[in-house]
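Let's take a walk through a protein together. Have a look at the sequence and the model below, and then we'll go through it piece by piece.

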Amino acid sequence: MDNKLSAITPPFPEVWGIKTIDARGATLIPGLHDHHIHLSAYASSLGSLQCGAPVLETRRQLIDHLAHYGKQHPGEWLRGYAYHPYLIGDIDRDWLDQHIPDNPVRIQHRSGRLWILNSLALRQLGLIEQAKAALPPTIPKGAEIIQGRYTGRLYEEDAWLSTQLGQKMPGLRSASDTLASFGVTGITDCSPRNSTKEFDYFQHAQDTGMLRQSVRMMGCSHLNQAVDNPRLQTAELKIHLLESRLPDFDDICQQVRICRQQNRRIAIHCVSRTELVFALAILGECGVLTGDRLEHAGVAPPELMHRITALNLAVVTQPHFLWEQGDRYLAEVERKDRPWLYLGQSFLRAGVPLAAGSDAPFGSADPWVSMNSAVRRQSRSGLVMGSQDRLTPEQALDLFISCAQFPGRRYRQIEIGEQADLCLLDAPWQIVRNDLNSRHCRLTVSNGQIIYQKDR
């Protein structure tokens, strides 16, 4: 079946049995592309308990949430996500034991780098009390132990935890359907551990109709062995920097040089000022290919903006973090860095190619939330964060309609011969631009097939 646009204006080809849609008074735009998402984690989150903003905002709400789950699901594992101590306060093994003792519990910090477990969960995972010096090799190195006792905190141990729990890859149908309802027809999966295992799983999900979006997959060096096809392609090598645990500079540069020999581009996660400085040093040392990108660039002061521009790097941002986490940023981020948080107009004025992604499940998967935040730049309490960096509604939409391979550099158009990835909005753009909301998504077409249609 032809999945390209074959005609734009009447008269359309007279094809027997052709499906027609009355779109009078509507707006047709290219299908949206989420340039930064963690699809498997997002799919898992849909069957998990949200333990932070925007659903929960107080410690009391979390306590009630956990108690309700325990009553409704006696003895079952509870998987929670989106926890952050800014709103909820610190929690640990003993706190969880107090409030939900009869369910094995694991709650993920919003950063994705920390799991907090209760005693029942620790016992089921075989983590018995012992001095850290005596830990056998099978015990995770990231398990925090104080005075010979587990605190319930596991740092950077996703892989170990998944193996111990015997987890299978999550079903992707619900996540795909939800994204389709937002008008999303393509994604870039930015999980740094992606390998051929994840690539093959996504391929199977597409082949069986469970995953309806096209995918670019970042990941580790093993992805070089994957075989691309039109709807699933390998993407950049993902480097995930953490300010408190930066890698050896020479080692990471060698890793980049090896990828350069395979003509592979680089995407570097850098949220803080320090991480951005380190990322720019790597790319300055190893050289830049068009298509190299910075993920987040959460703090980009002028002196580093000049370097980003000089290196011709693209930035994939998350403006909805200002809405979801802005009040916390204003409380926790150093005063000198607050004016440079998740910039918008400043990047565009500097000539930096700019696109956006959800970072789901660590942010809302709805791109219209991100667009709205890019225009308003307000925290949940209503504080404006850098009004000079507000985007127009048209610029906010552009964040999600640039080409997947070159975010912020090339923009997809509705024209003959282009891939039939489309989103039909239920009102004229003059109305939608003042109400950037996914409820306006009426129809989504991916690869020439309708993957979402709102009941009318």
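Predicted model: local features only at pLDDT ≥ 70, side-chain atom pairs only at ≥ 80, totals over all residues.

Which residues does L341 touch, not counting residues up to four places away in sequence? L341 touches G298, V299, L322, Y329, V333, R377 and M385, where contact means heavy atoms within 4.5 Å. Residues are numbered from 1 along each chain as its sequence is written, and side-chain values use heavy atoms, with hydrogens and water left out.

Back to L341. You'll find it in the loop between helix 12 and helix 13. Helices (H or I, at least four residues) and strands (E, at least two) are DSSP runs, numbered from the N terminus. With 4% relative accessibility, L341 counts as buried; buried means under 20% relative accessible area, exposed over 50%, and partly exposed in between, using a 1.4 Å probe and protein chains only. L341 and V271 are 70 residues apart along the chain, and their C-alpha atoms are separated by 9.4 Å.

**The cores**

A nonpolar core is a set of buried Ala, Val, Leu, Ile, Met, Phe, Trp, Tyr and Cys residues joined through side-chain atoms within 4.5 Å. The largest one here has 70 residues, and those with the most contacts inside it are L32, L39, L179, L294, I308, F347 and W368. Helix 10 (residues 273-286) gives the most to this core, namely seven residues. Take L294 as an example: leaving out residues up to four places away in sequence, its contacts include I268, C270, L276, L283, I308 and V316.

There's also a second, separate core of 18 residues, with L56, L66, L96 and I100 among them. L66 lies in helix 2 (residues 59-72) and is buried, with a relative accessible area of 0%. Again not counting residues up to four places away in sequence, L66 touches L49, L78, W95, L96, I100 and I107. How many residues apart in sequence are L66 and I282, and how far apart in space? They are 216 residues apart in sequence and 44 Å apart in space, C-alpha to C-alpha.

**The sheet**

Strands of a sheet pair through backbone hydrogen bonds, either parallel or antiparallel. In this model, four strands form an open sheet in the order 1-16-17-18, and the pairing is antiparallel. (Two strands pair if DSSP finds at least two bridges between them.) At the edges are strand 1 (27-30) and strand 18 (449-453), each of which pairs on one side only. From one strand to the next, the twist averages 20°; axes are lines fitted to C-alpha atoms, for helices over the stretch in contact, and angles run from 0 to 180 degrees between N-to-C directions.

L28 has L424 in strand 16 as its bridge partner, and L424 in turn has L443 in strand 17. From T444, the bridge partner in strand 18 is Y452. Here are the neighbouring strands:

| Strands joined | Bridges and direction |
|---|---|
| Strand 1 and strand 16 | Four bridges, antiparallel |
| Strand 16 and strand 17 | Four bridges, antiparallel |
| Strand 17 and strand 18 | Four bridges, antiparallel |

Is strand 17 (residues 441-446) enclosed or open? Six of its six residues are buried, so strand 17 is largely enclosed by the rest of the structure. In the hairpin of strand 17 and strand 18, two residues sit between the strands, and N447 takes a positive phi near 55°.

**Rings and charges**

A search of the whole structure finds three aromatic pairs. Rings of Phe, Tyr and Trp (its six-membered ring) pair if their centres lie within 6.5 Å; planes under 30 degrees apart count as stacked, over 60 as edge-to-face and the rest as tilted. Why is the pair of F249 and F278 edge-to-face? Their ring centres are 5.8 Å apart and their planes are at 90°, so the pair gets that label. F249 sits in helix 9 (residues 249-261) and F278 in helix 10, 29 residues apart. F249 is partly exposed, with a relative accessible area of 27%, whereas F278 is buried at 15%.

F321 and Y342 are edge-to-face too, because their centres are 5.6 Å apart and their planes are at 85°. Both F321 and Y342 are buried, and ring pairs link F321, Y329 and Y342 into a cluster.

Finally, the charged end of R106 sits over the ring of W115, 4.9 Å from its centre. The charged end of R410 sits over the ring of F406, 4.3 Å from its centre. To count, NZ of Lys or CZ of Arg must be within 6 Å of the ring centre and within 35 degrees of the ring normal.
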